[in-house]
Amino acid sequence: MIPTITAFKASPDRGRGLARDMRVRWALEEVGQPYEVRLVTFEEMKQAAHLALHPFGQIPTYEEGDLALFESGAIVFHLAQRHAGLLPCDAGARARAVTWMFAALATVEPPIVERSMAILTESDKPWAGERHAMLEARIRARLDPLSTRLGDADWLDGDFSAGDVMMVHVLQRLGGSGLLEEHPNLAAYIARAEARPAYRRAFEAQYAVFVAASAGA
Ligand code: GTB
């Protein structure tokens, strides 16, 4: 059965692959599962049909027969459990890969998202500079130990896993901030992931949406 995911009809990131459907597309490509995409507008995301799939009216969602999922982490975990390639067979290694998925979403992503939101919504406030510095310090408090743990390894724990999918996509949101460049091994980690054929296919697919939307605009 071909699953269907949802993505922005017009992503605010202009095809940079930062919206969270990219994680799901990437995982689908890694496991070789074909998929369909239903593009939704911001208005459609808040209407009943989409809210039945996603209680918070967001993307991405995932439909596979009777199964409907939301939350990028849950969707990638579902795919990784269903298909070979994103979670190791060994029980301990598998649990550690899942731990990295949680670490990406629960420990590393929050201050990164907070920084993006602050830039978007608070840049005109008189205290914006002070808050920005505080948020960057919080991000460094995550990047420093992450960089130490990664060391000169290719991936977070042995073979490439769903943990790397989530972590790389979380870190990519720091592009242009200068923060990643403070850790050359993290910058190299992201570049290594972006060179994966599955990543390229997923990126091109979401970029094509932006190109098509621009042509029609
Ligand atoms: N925890 C959920 C998950 O992981 O799936 C979060 C889902 C989420 O935040 N979805 C966003 C959304 O639907 C899109 S990805 N927002 C619309 C809304 O809430 O009304 C977040 C995102 C948006 C834009 C950029 N960008 O432009 O760079 C990056 C990330």
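Visitor: In which loop does Pro60 lie?
Guide: The model is predicted: local features need pLDDT of at least 70, side-chain atom pairs count only at pLDDT 80 or more, and totals for chains, interfaces and linings use all residues. Residues are numbered from 1 along each chain as its sequence is written, and side-chain values use heavy atoms, with hydrogens and water left out. Helices (H or I, at least four residues) and strands (E, at least two) are DSSP runs, numbered from the N terminus. On that numbering, Pro60 is in the loop between helix H3 (48–51) and strand S3 (61–64).

Visitor: Is the peptide bond from Ile59 to Pro60 cis or trans?
Guide: Most peptide bonds are trans. For the bond from Ile59 to Pro60, omega is near 5°, and the bond is cis.

Visitor: How far is an oxygen atom of the ligand from an N or O atom in the side chain of Lys46?
Guide: A polar contact is a pair of N or O atoms within 3.5 Å; within protein, one must be able to donate a hydrogen and the other to accept it, and residues adjacent in sequence count only if both atoms are side-chain atoms. Asp13 has a backbone N or O atom 3.1 Å from a ligand oxygen, and Gln58 has a polar side-chain atom 2.9 Å from a ligand oxygen. For the side chain of Lys46, the distance is 2.7 Å.

Visitor: What share of the ligand's exposed area does the protein bury?
Guide: Accessible areas come from the Shrake-Rupley method with a 1.4 Å probe; for residues, only the protein chains shown count as cover. Taken alone, the ligand exposes 680 Å², and the share buried by the protein is 79%.

Visitor: What is the phi of Glu71 near?
Guide: Most residues other than glycine have a negative phi. Glu71, in the loop between strand S4 (67–70) and helix H4 (72–82), has a positive phi although it is not glycine. The value is near 80°.

Visitor: Is Arg14 buried or exposed?
Guide: Buried means under 20% relative accessible area, exposed over 50%, and partly exposed in between (1.4 Å probe, protein chains only). Arg14, in the loop between strand S1 (4–8) and helix H1 (21–31), has a positive phi near 55°. Because its relative accessible area is 58%, Arg14 is exposed.

Visitor: How many residues of H1 are buried?
Guide: Among the buried residues of H1 are Asp21, Trp26 and Val31. After H1 comes Gly32, with a positive phi near 75°. H1 is largely enclosed by the rest of the structure, because the number of its 11 residues that are buried is 11.

Visitor: How far apart are the C-alpha atoms of Leu174 and Ile139?
Guide: Leu174 sits in the loop between helix H7 (162–172) and helix H8 (184–194). Leu174 is buried because its relative accessible area is 0%. Along the chain Leu174 and Ile139 are 35 residues apart, and their C-alpha atoms are separated by 9.6 Å.

Visitor: How far apart in space are Lys125 and Leu179, C-alpha to C-alpha?
Guide: Lys125 is in the loop between helix H5 (91–122) and helix H6 (128–150). Lys125 counts as partly exposed because its relative accessibility is 35%. Lys125 and Leu179 are 54 residues apart in sequence, and the C-alpha distance is 23 Å.

Visitor: What separates the C-alpha atoms of Gln81 and Thr148?
Guide: Gln81 has its place in helix H4. Gln81 counts as partly exposed because its relative accessibility is 47%. Gln81 and Thr148 are 67 residues apart along the chain, with a C-alpha separation of 29 Å.
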